[in-house]
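Here are my notes on the model you sent. They are set out as numbered points, from the overall layout down to single side chains.

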Amino acid sequence: MSHCIARIFESLLRLLWPAPEWHRPPEAPPAAPPIAVPPVPGRPPEPVLRGEDSPLVRPYLLAHEQRERARRQRARRRALWLAVHGIDIGPRLIHGVEVVA
């Protein structure tokens, strides 16, 4: 009985797994150099896109700013909640002038 199960699994695995020669990707032909297109008269030239000028930023670079913004929001909400209950923890400096409680 175990031999029958083994033969079934072998046939299924042969169908699911690629042949050994498929493991390597085919060699890609060499890329052709880009062709410079002359500008069309009467139309401004298209701008060259550079990575440094792109407004797109990786999400992990923005995570620190988002955490800081969330921390400040939590502090404002905490101060408001405490103020509702009669506890003043407001800012000590307002427009550069020290505020005494």
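Predicted model: local features only at pLDDT ≥ 70, side-chain atom pairs only at ≥ 80, totals over all residues.

1. Burial and surface. Of the 101 residues in the protein, 1% count as buried, where buried stands for under 20% relative accessible area.

2. Nonpolar patch. A nonpolar patch on the surface is formed by I5, I8, F9, L12, L13, L15, L16 and W17. Together these residues have about 900 Å² of accessible area. One of them, I8, lies in helix α1, which covers residues 2-16.

3. Helix α2. This helix covers residues 59-84 and has 26 residues. From its first C-alpha to its last it reaches 37 Å, close to the 38 Å expected at 1.5 Å a residue. After α2 comes G86, which has a positive phi, near 90°.

4. Salt bridge. How many salt bridges does the model have? The count comes to 1, with a cut-off within 4 Å between a side-chain nitrogen of Lys or Arg and a carboxyl oxygen of Asp or Glu. The partners are the side chains of E68 and R71, at 3.1 Å from N to O. Side chains of opposite charge can pair when their charged atoms come close. In this case E68 and R71 are 3 residues apart in helix α2, so about one helical turn separates them.

5. Exposure of the pair. Are E68 and R71 buried, or partly exposed? E68 has a relative accessible area of 27% and is partly exposed. R71 is also partly exposed, at 42% relative accessibility.

6. Residues of a patch need over 30% relative accessible area and no salt bridge.

Conventions. Residues numbered from 1 in each chain as written. Heavy atoms only, no water. Patch = residues over 30% accessible without salt bridge, like charges linked within 9 Å, V, L, I, M, F, W, Y side chains within 5 Å. Areas by Shrake-Rupley, 256 points an atom, 1.4 Å probe, with all protein chains shown as cover. Helix = DSSP H or I, 4+ residues; strand = E, 2+ residues; numbered from the N terminus. Buried < 20%, exposed > 50% of the residue type's maximum accessible area, 1.4 Å probe, protein only. Expected span 1.5 Å × (residues − 1).
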